[in-house]
Amino acid sequence: MAEEAKPIRFGIVGCADVARKVSRAITLAPNATIVAVGSRSLDKATKFAASNGLPPNAKVYGSYEGVIEDPEVDAVYMPLPTSLHVKWAVLAAQKRKHVLLETPVALRVSDLDLILEACASNGVQFMDDTMWLHHPRTTKMFQFISDPNHFGRLQSVHSTFSYGVTPYFLENDIRVKPDLDALGALGDIGFYCIGTILWASNYELPKTARALHKPTYNDAGVILACAASLSWEDDKVATFYCSFLSDMSMDIVAMGTKGSLRVLDYAIPNQEKEAKFSTSSNSDWVELSIGWAPHPSEHVVQTDLPQEALLISEFARLVGAIKYNNSKPVDTWPTISRKTQLVVDAVKASIDNGLEPVQIQY
């Protein structure tokens, strides 16, 4: 087998529930394989390997260090609580492991900068685990909102991400624990809302962020629901709402001067192998204003691999280029993560400062 065709060898650092989905994605990706998994509990790691169909020769460690120090591991996937990201991602980069980091990437941009600096100085690729960006639907949607004749100039974006959680979640999940994931819903799903807004604006950072109301908190002071607005130097505006207390919603509505885009399931498509979105262009009232035309168009995008496997495949391609072709890590993905975190930080600062607007600077 040519070196370029050899699969990239992944180690999984932590056995959180989302790691089950990503381990399946690594198995589905044609250019990746799992060679190790580690947990602070050897028993937990062993059970994870057995129940998730890991290759029989995959090594099982009762520590995170075991995976990070394994010389046969090319890249690590880290589904750890956000408060642990700096320690373990920096250590992985120092050991020359490429880093695929679960979202939210950090508690604040200064923490993320430590991770990105470690990756850059050690020549390893960084990417966060935002899966929807790798779905072919996302490419099709971006082609539409980039079309000057059918969409025009972006005017506004509204994004939501919510899901109703159980009483057990509200008491026990790491996403509501101040020592593990202190940003709560803002970090877990607000990160996605902000990401969609930046995507729609071609990653032009807004000038200001402002929380729209006092968030809903749990007794420990962790955000369970919040909303914010963003504004740019020109006339673009955006709003988002994220919540652990509302029905399932993953909407994007993007309005342009000549068209609009709507999608109802951007983060996780309703169906694994097809995804839909709708568009309108140059619409106007019909006679007597009893309707409007042309009617919105519905688009269906098929994919053989789910979006998480496409993410793994792209990450593995970048790692392979570095490993076998002496390429340099690409800066696209670290830049997207950092811009998203900057806006998360600004929204949090607005919340903490009595809903005052906060300036955003790169």
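# Pockets, a cavity and ring pairs

Tutor: In the second largest pocket, the lining residues divide into 4 nonpolar, 3 polar and 5 charged. Keep in mind that this is a predicted model.

Student: What makes a residue of that lining count as charged?

Tutor: Its type decides. Asp, Glu, Lys and Arg count as charged. Now look at the residues. The lining includes Arg-262, Asp-265, Glu-274, Lys-276 and Glu-298. These are of the charged types, so they belong to that class.

Student: And which residues there count as nonpolar?

Tutor: Val-263, Leu-264, Ala-275 and Phe-277 are in the lining. Val, Leu, Ala and Phe are on the nonpolar list, so these residues go there.

Student: Which element gives the largest share of this lining?

Tutor: Strand E14, with 5 residues. E14 spans 274-281, and strand E13 (259-263) also supplies at least two residues. The space in this pocket is about 230 Å³.

Student: What is the volume of the largest pocket?

Tutor: About 1,000 Å³. Its lining has 37 residues. Ala-16, Asp-17, Val-18, Arg-175 and Asp-188 lie nearest the centre. Two elements give two or more residues each: helix H1 (18-28) and helix H8 (184-200). H8 gives the most, with 3 residues. By class, the lining holds 21 nonpolar, 6 polar and 10 charged residues.

Student: Why is the other kind of space called a cavity and not a pocket?

Tutor: The test is whether a 1.4 Å probe can get out. In a cavity the probe fits but cannot get out, whereas a pocket is open. The structure holds 1 cavity of 30 Å³ or more. The space in the largest cavity is about 90 Å³, so it passes the 30 Å³ cut-off.

Student: What lines the largest cavity?

Tutor: Its lining includes Asp-128, Trp-132, Phe-191, Tyr-192, Trp-333 and Thr-340. H8 and helix H10 (332-352) each give two or more residues. H10 has the largest share, 4 residues. The classes are 7 nonpolar, 4 polar and 1 charged.

Student: Why do Phe-142 and Trp-199 count as an aromatic pair?

Tutor: Set the distance against the cut-off. Ring centres must lie within 6.5 Å. Here they are 5.9 Å apart, so the rings pair.

Student: Why is that pair called tilted?

Tutor: The planes are 55 degrees apart. Under 30 would be stacked and over 60 edge-to-face.

Student: What does the pair tie together?

Tutor: Phe-142 lies in helix H6 (136-145) and Trp-199 in helix H8, so the pair ties together parts that are 57 residues apart in sequence.

Student: What makes the pair of Tyr-163 and Phe-169 edge-to-face?

Tutor: Their planes stand at 90 degrees, and the centres are 6.4 Å apart. The distance is within 6.5 Å and the angle is over 60, so the pair is edge-to-face. Tyr-163 is buried at 16%. Phe-169 is buried too, at 9%.

Student: How many aromatic pairs are there by this rule?

Tutor: The count is 13. Ring pairs also link residues into a cluster, including Trp-132, Phe-142, Tyr-163, Phe-191, Trp-199 and Tyr-266.

Student: How do you know that a charge sits over the ring of Tyr-362?

Tutor: The charged end must be within 6 Å of the ring centre and within 35 degrees of the ring normal. The charged end of Arg-338 sits over this ring, 4.8 Å from its centre. That of Lys-339 sits over it too, at 5.8 Å. Both distances are within 6 Å, so the distance test is passed.

Student: Why is Asp-147 called partly exposed?

Tutor: Its relative accessible area is 22%, so it falls between the 20% and 50% limits. Asp-147 is in the loop between H6 and strand E7 (154-162). Asp-147 and Gly-256 are 109 residues apart in sequence, yet their C-alpha atoms are 10.0 Å apart.

Methods:
Residues numbered from 1 in each chain as written. Predicted model: local features only at pLDDT ≥ 70, side-chain atom pairs only at ≥ 80, totals over all residues. Heavy atoms only, no water. 1 Å grid on protein atoms, 1.4 Å probe; cavity = no way out; pocket = protein on both sides within 12 Å on 5 of 7 lines; lining within 4 Å. Points joined across faces, edges and corners; volume = space filled by probe spheres on them. Phe/Tyr/Trp six-rings, centres within 6.5 Å; stacked < 30°, edge-to-face > 60°. Buried < 20%, exposed > 50% of the residue type's maximum accessible area, 1.4 Å probe, protein only.
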